Amino acid sequence: MRQHIDDKLYFTISEQAALLGVEVYAIGGFVRDILLKRPCTDIDFVTNGKGIELAEACAKALKVGRVDVFKNFGTAHFKYKDLDVEFVGARKESYRAESRKPDVKAGTLQDDQNRRDFTINAMAISLQKDSFGELIDPFNGLQDLEDKILRTPLDPDITYSDDPLRMMRAVRFANQLGFFIEKESHEAIRLNAHRLDIVSQERITTEMNKIMLCAKPSIGFKLMFNTGLLHRFFMEMIKLHGVEKRNGLAHKDNFFHTLQVLDNVAEMSDNLWLRWSALLHDIAKPNTKRFEEGNGWTFHGHEDVGARMVPKIFTRLKLPLDHQMKYVQKLVQLHLRPISLTKEEITDSAIRRLLFEAGDDIDDLMMLCKADITSKNEAKVQRYLSNYEVLKTKLVEVETKDHLRNFQPPVSGELIMKTFGIAPCQNVGIIKNAIKDAVLDGAIRNDYDEAFAFMLSEGKKLGLEPV
């Protein structure tokens, strides 16, 4: 491991630790990522005492300007070049059943490695002069890395019960790294899933967002489903699962369909909120499911009901309630529109209205729409994809001609009031909506002169004369 720490930072830390009479080790994710050849900008150093003092001494020797000290946690942090460097004293932890916050005591390196979540995160590199660069791997984490296995250093039942967030981290690492959760650990997660209830929703959602950002997030969601973790905080997703059959007619399993759409979006975009739109696009199907004789299963209005559910879900999951939530809500509301247009003759008017309602999010809506084309019938998929490409071409043509993305009527309400000498009233809204509909229907162009002339004619119908 010495070749990976052949740098002034590590030599300085080693020298300052010797001067203070303490041992120091690089530990955790930094070691793991070196071995996986993954980029890493966070480095944790653990000492057998004087962690804060060592951080301050190293910062001074490295001419680092600022050290952030957290005395309550016994940690200190500074930035060196493009690295986040943190020092902490080795710890021994004990837990109470009702809390994931441990009672902490000073400990040895072995104690610190024992408390780690996974064997692959328990490896350390010695920075002592006589063993500089030596890998310390008491739980055979190196072999687990090679075998792509996630395993806890100690009894998984105790590890996950003590700090239940580790179960979400297990799913996330399995998804991110393409690892398997070892059989006993998988069973321990299933048995301790209820313990997730003592973890704050913010922490759970942070891990879920990291799962959402994986190359194939369905892997993580299937793990959360199979272990019962998802049932603890996202019942709307659970309700999507399953197939009901009546009179020989069955609907698709909307849980697995949703995960396929999520994976499809993930192949096209890293946008977390577009991925959330995929996850929630059919979330109201259980609420709107009906069986109609002669037609089979229907989910009429699930896009409208789903859009109304978005704020409630975001609130409960502690997701932002700002423009990001509104973006997801809009895409859930509109996700059927592009596909419905491909099933009929595509008119310019329908295109204009789609552009008007989607605004700058039209490209993301179209990605969601394409991702939603899933079927075991390959001919059906190819037909929809072909129609989708026709629609995309038509959207570009209409947008180039009419400039309707984020459309604002060429005649404002202020101008209507000034022209007719009227105060704010219902007639102003009637005229504005008439102008908007005329532009979207193609009766007039998106042009000031045509809109002004149309405004005069609409005013006349309402008995208004220009002043």
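Residues are numbered from 1 along each chain as its sequence is written, and side-chain values rest on heavy atoms, with hydrogens and water left out. Because the model is predicted, local features require pLDDT of at least 70 and side-chain atom pairs count only at pLDDT 80 or more, whereas totals for chains, interfaces and linings use all residues.

Helices (H or I, at least four residues) and strands (E, at least two) are DSSP runs, numbered from the N terminus. Helix α12 spans residues 254-268 and contains 15 residues. From its first C-alpha to its last, α12 reaches 21 Å, close to the 21 Å expected at 1.5 Å a residue; the expected span is 1.5 Å times one less than the number of residues. At the N-terminal end, α12 is capped by D253, a side-chain oxygen of which lies 2.9 Å from the backbone nitrogen of F255. Such a polar contact is a pair of N or O atoms within 3.5 Å; within protein, one must be able to donate a hydrogen and the other to accept it, and residues adjacent in sequence count only if both atoms are side-chain atoms.

Helix α12 is mostly covered, with 11 of its 15 residues buried. Buried means under 20% relative accessible area, exposed over 50%, and partly exposed in between (1.4 Å probe, protein chains only). Among the buried residues of α12 are F255, L259, L262 and V265. The elements that cover the buried residues of this helix include α9 (201-212), α10 (218-227), α13 (272-280) and α19 (362-371); contact here means heavy atoms within 4.5 Å.

A nonpolar core is a set of buried Ala, Val, Leu, Ile, Met, Phe, Trp, Tyr and Cys residues joined through side-chain atoms within 4.5 Å. The largest core has 113 residues, and those with the most contacts inside it are F221, F234 and W276. Its largest share, eight residues, comes from helix α7 (residues 165-177). A second, separate core of 14 residues includes V428, A434, I435 and L464. With neighbours within four places in sequence left aside, F221 is in contact with residues including F255, L259 and L262, which are also among the buried residues of α12.

Helix α13 contains R275, which is buried, with a relative accessible area of 1%. Its contacts, apart from neighbours within four places in sequence, include M212, L213, L262, V265 and A266. The side chain of R275 also reaches the backbone oxygen of L213 at 3.5 Å. The C-alpha atoms of R275 and I125, which are 150 residues apart along the chain, are separated by 38 Å.

The whole structure holds 13 aromatic pairs. Rings of Phe, Tyr and Trp (its six-membered ring) pair if their centres lie within 6.5 Å; planes under 30 degrees apart count as stacked, over 60 as edge-to-face and the rest as tilted. The pair of F78 and F87 is tilted because the ring centres are 5.7 Å apart and the planes stand at 35°. An edge-to-face pair is formed by F291 and W297, at 5.0 Å centre to centre and 70° between the planes. Of these two residues, F291 counts as buried at 16% relative accessibility, and W297 counts as buried at 13%.

Charged groups also lie over rings, a relation that requires NZ of Lys or CZ of Arg to be within 6 Å of the ring centre and within 35 degrees of the ring normal. The charged end of R172 sits over the ring of F173, 4.7 Å from its centre. Likewise, K285 lies over the face of F299, at 4.8 Å from the ring centre.

Most residues other than glycine have a negative phi. In K37, which is not a glycine, phi is positive at about 60°. K37 is found in the loop between α2 (29-36) and β2 (42-47) and is exposed, with a relative accessible area of 76%. Another positive value, near 50°, belongs to N247, in the loop between β12 (245-246) and β13 (249-250). N247 counts as exposed at 56% relative accessibility.
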